[in-house]
Amino acid sequence: MEINNLPFGTTDWSDVEKTEHTGETGVAYWQTKQFGDIRVRIVEYSAGYLADHWCSKGHILFCLEGELDTELEDGRHFTLTPGTSYQVADNAEAHRSSTSTGAKLFVVD
């Protein structure tokens, strides 16, 4: 990744509006900041959330709270807990997320 034309700045996430995104079940709330081509988000998933699609976007995810289950289209499963992360490239391995308990993530894509 190359980050260009991005002056130093800080973000007070309490000032960033939440948008609601429904899943197949449950809901996700996104707080999103766009910095050129880089999208940075805090995402909160409700308990019982299941994504309504397979995602092929590249991300770096860091779990802040809760537990996030990620299923790859090839059948592999991974679980993030607080302090763990995953990374995946664009168009590399389709994935979808779910959580039985809820989760809060910091996401860069």
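Visitor: Which residue in the turn of the hairpin formed by S2 and S3 has a positive phi?
Guide: This is a predicted model, in which local features need pLDDT of at least 70 and side-chain atom pairs count only at pLDDT 80 or more, while totals for chains, interfaces and linings use all residues. Residues are numbered from 1 along each chain as its sequence is written, and side-chain values use heavy atoms, with hydrogens and water left out. Strands are DSSP runs of E, at least two residues, numbered from the N terminus. S2 and S3 form a hairpin with 2 residues between them, and the turn residue with a positive phi, about 65°, is glycine 36.

Visitor: Over how many bridges do S2 and S3 pair?
Guide: Two strands pair if DSSP finds at least two bridges between them. Strand S2 (residues 27-35) pairs with S3 in the antiparallel sense, and the count of bridges is 8.

Visitor: Which residue in S10 does valine 40 stand opposite?
Guide: Strand S3 (residues 38-45) pairs with strand S10 (residues 103-108) in the antiparallel sense over 6 bridges. Valine 43 stands opposite leucine 105 in S10. For valine 40, the residue opposite in S10 is valine 108.

Visitor: Which strands stand at the edges of the sheet?
Guide: The sheet is open, with 6 strands in the order S1-S2-S3-S10-S5-S8 and antiparallel pairing. The edge strands each have a single partner strand, so one side of each is left without a neighbour in the sheet: they are S1 (18-22) and S8 (85-88).

Visitor: Is phenylalanine 106 buried, partly exposed or exposed?
Guide: Phenylalanine 106 lies in strand S10. Buried means under 20% relative accessible area, exposed over 50%, and partly exposed in between (1.4 Å probe, protein chains only). Because its relative accessibility is 31%, phenylalanine 106 counts as partly exposed.

Visitor: How many residues of S3 are buried?
Guide: S3 pairs with S10 and with S2. S3 is mostly covered, and of its 8 residues the number buried is 6.

Visitor: Is serine 97 buried or exposed?
Guide: Serine 97 is in strand S9 (residues 95-99). Leaving aside neighbours within four places in sequence, serine 97 is in contact (heavy atoms within 4.5 Å) with Tyr49, Leu50, Ala51, Leu68, Asp69, Thr70 and Tyr86. Its relative accessibility is 9%, so serine 97 counts as buried.

Notes
Helices (H or I, at least four residues) and strands (E, at least two) are DSSP runs, numbered from the N terminus.
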